[in-house]
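Reader: Before we look at the model, could you set out how a feature should be read, starting with the general idea and then turning to the case at hand?

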Amino acid sequence: MIFGKYLNKYYKKYFIGFLVGIVALFLVNYIQVSIPMIIGQIIDNLEGNTNYGMTGVIKHLLNIVVIVGVIALLRIGWRMSLLTVTNKIIYHLKNDMYVALQKMSPAYFQNNKTGKLMSNFTNDIEAIDQSITWGTLMYVDFFVLTPLILINMVKSTNLRLTIYVVFPVVIFFIGVIIFRKMIKKKFEKTQKSFSELTDFVQENVSGITVIKAFNKEEYFKEEFKRHSIDYKNKSVAHLKLVSIFQNTNKTLFSLIYTILLIFGYLDYTKGLITIGDIVVMTQFVILLRWPIFALGEAIIMTSKGKVSYKRISTILSLTEDTVNSSKGAKITDETIEFKNLTFKYENNIVLDDISFKINPGEFVGIIGRTGSGKTTLLKLMLRYYNLENNSLFIGNQDIMDLNVQTVRDLFGYSPQDNFIFQKTITENIKFSSPDSTDQEVEEITKEVDFYDNIINFNNTFNTLVGERGVSLSGGQKQRLSIARALLKEAKILLLDDSLSAVDTKTEDKILKSLAKIRKNRTTIIISNRISTIKKADKIILLDKGKIVQIGTHEQLKQTSKLYKSLDDLQKLQTEYGIEGGIDE
């Protein structure tokens with residue numbers, strides 16, 4: 001059994017369940033030590049050492065039957081109690097871990113890989129589960145059953161013979177101290193290697209299309225083999241140590257048994273004990289085998305559980321890294337204003353001295369070369385990161401004075417990666433607005449020119465799109481993502497390069513729909529294609545994290561060399577039939 005502040009509160013909460021289970025275990029141990037003495041009395045009676053007769057033998061046998069029945073009921077009781085309580089604790093731990101992760105910003109997940117987090121929810125939780133349930137059982141059995149056995153050994157035979165049996169147990173305790181730390185270190189290395197292997201597999205499954213496109217299957221087979229061998233070697237090293245420990249345990253029992261037979265025989269020949277006494281001692285040694293074995297197993301389980309608890313504690317101890325204001329500031333309108341904002345990812349400046357204003361109802365385009373900070377601008381509006389005070393205002397309120405949920409409720413968002421859930425098309429679109437009707441879903445797909453594609457699928461709107469939307473094309477994913485954002489009917493719509501994978505004809509249809517649907521509502525579009533944003537009320541041109549210029553399409557063509565060069569390049573691409581994205 002393992003302890004820690006994230007577990008202790010649940011031990012307290014389910015104390016009665018634990019107590020019932022432990023009391024049942026105690027009673028099982030207390031009752032079962034009487035069986036060897038009854039068997040010894042039966043043997044002595046059959047040998048003629050007592051005057052019970054067959055009536056006494058039958059009475060003893062009936063007592064054993066009753067005892068076995070009571071033990072069976074008590075074992076059912078402790079299993080129901082301890083297993084139920086453990087399942088509840090594991091349920092709470094998983095929920096606590098999930099809630100803790102939900103509080104973290106995207107920056108946390110950039111530094112903590114999915115594979116590692118998944119191993120925390122699987123291998124580590126399983127190790128803790130085993131430690132709580134079976135670890136509790138084994139420790140109770142050892143610390144209750146062992147003293148009971150030794151006390152009854154002294155009562156039923158003699159102290160000297162008991163001491164001979166106990167001596168190897170003392171040696172075993174010394175071995176436990178040595179092996180415990182060694183097993184813990186080996187398991188730490190094994191779990192770390194498993195996390196790396198899990199992360200490698202997860203990443204490769206997600207990127208399988210890229211791997212195949214570049215014919216890198218053999219390379220990644222070798223990489224997987226390397227990770228797998230590393231995990232195998234560390235697992236084998238851990239299991240070898242566990243095996244040595246367990247076999248030492250078994251050898252110890254054999255030693256105890258041998259000592260008992262030798263000295264028991266010598267005492268019998270001297271007339272100090274009877275055959276029944278030897279049988280009683282033999283039965284006690286057989287009983288003693290379990291708590292000795294249990295302690296060894298409990299040490300192994302607890303060592304694993306402590307390692308795993310330490311790993312999940314790093315998640316459970318997370319504090320929300322996005323400051324959530326409790327000032328209760330109210331948003332009066334949808335004005336967005338950046339004031340001399342500078343933002344860094346770690347030590348790298350991504351946005352430098354950014355100042356501009358977006359008025360309610362404006363259609364704003366953001367353009368710039370790759371790495372100029374376009375996506376970061378949108379993420380800051382969504383409050384993914386903490387900012388300096390008085391650098392970004394929404395509705396004339398400092399964004400750092402606003403509740404995070406209040407800010408995000410303002411926005412409908414179609415991200416650059418167009419993340420699609422492994423659900424049906426309808427479920428994916430309704431993600432932003434679960435109470436929407438199927439009719440509303442159909443209408444919004446028509447607005448983004450996706451409806452005709454959907455009705456050609458075998459299951460139309462009930463089509464399962466696969467993990468990350470694997471069954472959809474790039475353009476279909478983008479249109480589904482836009483439909484999801486539009487269905488929310490948010491006051492501010494953010495589209496991050498959401499039309500890059502559709503052809504210009506489809507793009508034009510979607511832009512016309514947006515102009516109709518989003519009339520008098522703020523819409524902000526990031527694009528690498530000037531055709532997407534040329535009709536915007538204002539275009540913000542970024543380069544290397546700084547604003548180069550702000551103006552309309554015509555103004556920027558006249559005043560910005562960078563913008564004009566981008567426009568000329570894309571006109572040339574269009575002339576030669578080269579488009580930014582081709583769909584279907």
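Author: In sorting a lining by class, Ala, Val, Leu, Ile, Met, Phe, Trp, Tyr, Cys and Pro count as nonpolar, Asp, Glu, Lys and Arg as charged, and the others, Gly among them, as polar. On this basis the lining of the largest pocket has 19 nonpolar, 14 polar and 13 charged residues. This is a predicted model, in which local features need pLDDT of at least 70 and side-chain atom pairs count only at pLDDT 80 or more, while totals for chains, interfaces and linings use all residues. Residues are numbered from 1 along each chain as its sequence is written, and side-chain values use heavy atoms, with hydrogens and water left out.

Reader: What is the volume of the largest pocket, and which residues are the closest to its centre?

Author: A pocket is an open set of points on a 1 Å grid over the protein atoms alone, where a 1.4 Å probe fits, with protein on both sides within 12 Å along at least five of seven lines; lining residues have an atom within 4 Å of a point. A volume is the space filled by probe spheres set on the points, which are joined across faces, edges and corners. Here the volume is about 2300 Å³, and of the 46 lining residues, Q102, F109, D417, F419 and F421 are the closest to the centre.

Reader: How do the residues lining the second largest pocket divide by class?

Author: The second largest pocket, with a volume of about 400 Å³, has a lining of five nonpolar, six polar and nine charged residues. Of its 20 lining residues, F363, L511, K512, A515 and K535 lie nearest the centre.
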